[in-house]
Amino acid sequence: MALFAVTYAYAENSETGRDEHRPKHLDFLQGLFDSGRLVISGPTDATGDTPGALLIIRGESAEDVDTTMSSDPFAQRGYVERTMKSWDPKFGADRLADKN
């Protein structure tokens with residue numbers, strides 16, 4: 001499987017909704033992690049102009065990852081704007097290698 005860097009930018013005025021749906025969002029991410037698809041994730045620049053998150057996801061294709069991430073409760077409710085790029089790490093890749 002290939003690696004993809006997925007970035008989330010939180011939508012304006014979505015904080016209350018994100019707080020309400022965070023448990024479902026975290027359950028979704030935990031399922032991806034448990035299945036080996038989510039490599040690592042976490043929030044970015046919570047104090048900056050565009051708070052959001054970075055997620056490194058394994059997938060068969062960009063379309064596969066896009067479909068998967070569309071199931072995130074945050075995405076379903078419009079709380080995030082998502083970008084995605086394929087990612088080919090050159091250093092430390094042994095830590096990200098697909099163990100399946």
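**Figure 1. Asn 13 is found in the loop between β1 and α1.** The structure is a predicted model, in which local features need pLDDT of at least 70, side-chain atom pairs count only at pLDDT 80 or more, and totals for chains, interfaces and linings use all residues. Residues are numbered from 1 along each chain as its sequence is written, and side-chain values use heavy atoms, with hydrogens and water left out. Helices (H or I, at least four residues) and strands (E, at least two) are DSSP runs, numbered from the N terminus. Asn 13 has a positive phi, near 60 degrees, although this residue is not glycine. With a relative accessible area of 81%, Asn 13 is exposed. In these legends, buried means under 20% relative accessible area, exposed over 50%, and partly exposed in between (1.4 Å probe, protein chains only).

**Figure 2. The protein contains 3 helices and 4 strands.** Along the sequence, these elements follow the pattern β-α-β-β-α-α-β. The protein has 100 residues, of which 36% count as buried.

**Figure 3. The largest nonpolar core has 16 residues.** A nonpolar core is a set of buried Ala, Val, Leu, Ile, Met, Phe, Trp, Tyr and Cys residues joined through side-chain atoms within 4.5 Å. Tyr 8, Leu 32, Leu 55, Ile 57 and Met 69 have the most contacts inside this core. Two or more residues come from each of β1, α1, β3 and α2 (62-69). The greatest share, 4 residues, is given by β1. In soluble globular proteins, nonpolar side chains tend to be buried together.

**Figure 4. The largest pocket holds about 160 Å³ of space.** A pocket is an open set of points on a 1 Å grid over the protein atoms alone, where a 1.4 Å probe fits, with protein on both sides within 12 Å along at least five of seven lines; lining residues have an atom within 4 Å of a point. The volume is the space filled by probe spheres set on the points, which are joined across faces, edges and corners. Residues of the lining include Tyr 8, Arg 22, His 25, Ser 41 and Phe 74. The elements giving two or more residues to the lining are β1 (2-10), α1 (15-34), β2 (38-44) and β3 (52-59), and α1 gives the most, with 4 residues. The lining divides into 8 nonpolar, 3 polar and 1 charged residues; Ala, Val, Leu, Ile, Met, Phe, Trp, Tyr, Cys and Pro count as nonpolar, Asp, Glu, Lys and Arg as charged, and the others, Gly among them, as polar.

**Figure 5. The structure holds 1 aromatic pair.** The ring centres of Phe 74 and Tyr 79 are 6.1 Å apart and the planes stand at 75 degrees, so the pair is edge-to-face. Rings of Phe, Tyr and Trp (its six-membered ring) pair if their centres lie within 6.5 Å; planes under 30 degrees apart count as stacked, over 60 as edge-to-face and the rest as tilted. Both Phe 74 and Tyr 79 are buried.
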